[in-house]
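Here's a quick briefing to get you started. Have a look at the sequence and the model, then read on.

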Amino acid sequence: MPAFIIQRVLQAIVVMLVVALVAFSLFQYVGDPVQLMMGQFATPEDRIRLTHELGLDQPFWVQFYHFIVNAVHGQFGVSLRIGKPVSVLLAQRIPATLELSFCAALLALIVGIPAGVHAGLRPNSWLARTALSLSLLGVSLPTFLIGILLILVFAVELGWLPAFGRGEVVSLGWWSTGLLTRSGLRSLILPTITLGLFQLTLIMRLVRSEMLEVLRTDYIKFARARGLTDRAVNFGHALKNTLVPVITITGLQLGSIIAFSIITEQVFQWPGMGLLFIQAVSYVDIPVMAAYLCLIAIVFVTINLIVDLLYYVVDPRLRIDRPGSTGH
Amino acid sequence: MTQALLDVRHLRIEFPTRRGILTAVDDVSFEIAPGEVLGVVGESGAGKSLTGAAIIGLLEPPGHVAAGEILLDGVRIDRLSHDEMRRIRGRRIGAIFQDPLASLDPLYSIGHQLIETIRTHLPLSESAARARAIDLLQEVGIPAAARRIGHYPHQFSGGMRQRVVIALALAAQPRLIIADEPTTALDVSIQSQIITLLKRLCVDHGTAVMLITHDMGVIAETADRVAVMYAGRIVEIGPLSDVIRAPRHPYTIGLMGSIPSLVGDREHLVQIDGSMPRLTAIPAGCPFHPRCNRVFDRCRHERPGLIDAGASRAACWLYAAGDRT
Amino acid sequence: MANRLATALHQSWDSDLAYSFRHSPYAIVAAVVFLLCVGSAVFAPWVAPHNPFNLGLLDLSNSLKPPAWLPGGEAVFPLGTDDQGRDILSTILFGARISLLVGICAVLFSMALGVSLGLLAGYVGGKTDAFIMRVADVQLSFPAILIALLVDGVARALLPGEHDSMAFYVLVLSIGVSGWVQYARTVRGSTLVEKSKEYVQAARLFGIHPLAIMRRHVLPNVLGPVLVIATIHIATAIITEATLSFLGVGVPPTEPSLGTLIRIGNDFLFSGEWWVTLFPGVALVIMVLAINLLGDWLRDALNPRLRT
């Protein structure tokens, strides 16, 4: 078991380093690092001093090392567009993105998994067929269009829900949450649906197809041949085997929710990291881009690691050493 | 004469396809007495597995039983509700399939799967069921059963897994077991162990077996009676020694002649020209007639039923009373 | 010769694939819709009622007219006009053109890249294989949109000022790079399977060049799955392009794609001119839906296990 974990952790570190390298290259070769760190109002003396401090006259790998050290401390320089330190900006915006992503993920899982299970068990029921057709539509609708349509119907025409912003937020220490106010919750609804719909349909289709595959296996046939109850066969055996591969893919999907939040935040002008990133790309605001990249990488790598570990816990084939020797 | 345990009468299994209706099993009738081992032998595609699947009610759609009856202890079981059939499965009719690794759910220990099966059919407590499971494992020859009961399928070797599968099939003490190619996926050295085990258990428990296989050697070691299937029909059925030593149907004669032998003076292996017809192109009359070296006119037009020929029965006009030309 | 062609056509009409197609209403409808989309997009300059990009023809007094069936609308602008007086229907036709073009080119690029890398990884094996698969794994742990955004952003940074004219190529590159992994994995899997088959080993013994082996033996066997992936990928690519354009980092408004049109129209959502954004949106959905349906049908039709 330890070997497995160690290997995964090492892999995670390698990925982080690669991403850091990409971000660092952005800093180095695209734009002027000194300016990026100091903003546009640096005097020539400051520039020389900083150049020496930053060690820009030093070999590549030394500079890379410094970059990593800085990154670990959250030092990514100053935003070219806004003029504030990147870390401050990010810290302000993270809660908005995380809250939205979390709600969307919850929606996708709570609706997607049961729908998929049902569609797998009863593929010919009208509910399953409808869900499948709708899911095809869901996969064909780009996220931003879903957002626009929702805004059109619920905000513009019906006027029930707000079309942009987070509503009132409550500060809990460093975090700000919209979950505790009525306007905050109302503002969450449309963006959550927008962000979660795509993932929901994906999960539903995945669970359904996995379920159908599992129901065709020999061990399900043998379970039926032993006269096990439908409940035991469908939920005890089929469902559990279905969920094992679903865990991996679902985990990765949920990670991508954070990326897709970029789009949703743009549509609803949701003050999160994604919106910041898009503005940075338009403006070619390198420090923000680099910082976002590293942050996202951490999130993804962590999610992947957790998923791997979960897999390990759930599937006994990975846990115990392969036999070969035992018994014959 | 004791009533037959299993009585299959004129079973027909059809598959609707876009090319029309395919008849995969056509007018198959046989009986299995309590405690008897009936070997069902034939090439791939002859309909053996489908017959077994139909008996236990696990025929996969679009295949369905189009005609005929299946009786267990004199009671029809081919038209039961889903739940009634489920209660028969495992408790009165069990099944073993070809690939032991694929037959076991990889996520549960074999103990869990055994106890689950036992408690589904028998009103035992958890600990009683567990004790019984350990007994079963010992009976099928798993060493250190009490320790290994918590192990997972992938921790067993192929032969051990098939033993576990047999234990699972016998867990609720069914009176009939349908064994579909139980040794085909195993190493040759293990095959005879498993077959011996199966035979011994069935004698001990008085369980009848429908042993489906394409391997004549397995049949020769285990069966009491043999049914030979060809193109969805039974062409010969009779006691083991008769069918093997004195086969009647030309197809069976060819089969027996094609088995290499270490003893005796067999110099040439018999080869039957051609191959078994596809289900979409079954010849009129006797389905074997295009390949038969004793064919005559009647064979081409009329399909023979099973005709008495000594101790066994053969679907061949050669044995019809009178007319031999 | 004509005889052989006729026979071939007849055989393929009779084949399993064609049978499945003829009997699936979804596939037929989807194919028809798709062909209509492609046709009208390809022939947009001739089919469109107006040329929306000829600045000389635009009349601002025509701006923001509603669709023809609403009060204030005119039949000559069936779907209304945008803020510059451009006919929506025409902009949609031209926009669909760009969207399709970017989508198809990106997929071709992705396919070429992915199939080659997959063949390489599968056939050569060893360190090359390990390296390529590692890169694939890492890239796979990031969503495609992010990769596309990143490549796009870097390209912008490297080509300041020229970005608009290069937008098309940058888009194809970024979407293409973000999608190669699925092809590579499938092709690698098939290559590994084929490589171990005896006839391939025999060919190697005879000294036949690896490239020839790959081309003649491996490639035909992977075409089916690759085709399914590609079809669905076109839909994804179009959506990705639309998304990038909507975000403002895709196709510029001078030659707008459907995504750009939606972005432009979004500004008018609150003032009640919903048609500027809705109709391009509907067009996009119809196109993508048709492609997805075709892809779904293709996947089921080519799946041997689902056959009766």
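In S9(B), B:Val40 finds its bridge partner, B:Ala227. This is a predicted model, where local features need pLDDT of at least 70, side-chain atom pairs count only at pLDDT 80 or more, and totals for chains, interfaces and linings use all residues. Residues are numbered from 1 along each chain as its sequence is written, while chains are lettered from A and ligands numbered from 1 in the order in which they are written.

**The sheet in chain B**
- Strand S3 (residues 37-41) and strand S9 (residues 225-230) of chain B run parallel, joined by four bridges.
- Strands here are DSSP runs of E, at least two residues, and helices are runs of H or I, at least four residues, numbered from the N terminus.
- Chain B has an open, mixed sheet of eight strands, ordered S6-S7-S8-S3-S9-S10-S12-S11; two strands pair if DSSP finds at least two bridges between them.
- Strands S6 (93-96) and S11 (307-309) of chain B sit at the edges with a single partner strand each, so one side of each has no neighbour in the sheet.

**Where chain A meets chain C**
- The contact takes 34 residues from chain A and 35 residues from chain C (residues touch if their C-beta atoms, placed from the backbone, lie within 7 Å).
- H7(A) gives the most to chain A's side, with seven residues.

**One residue in chain A**
- A:Leu127 lies in helix H6 (residues 126-140) of chain A.
- Its C-alpha atom is 8.9 Å from that of A:Ala115, 12 residues away along the chain.

Methods. Two residues are in contact if their C-beta atoms, placed from the backbone, lie within 7 Å.
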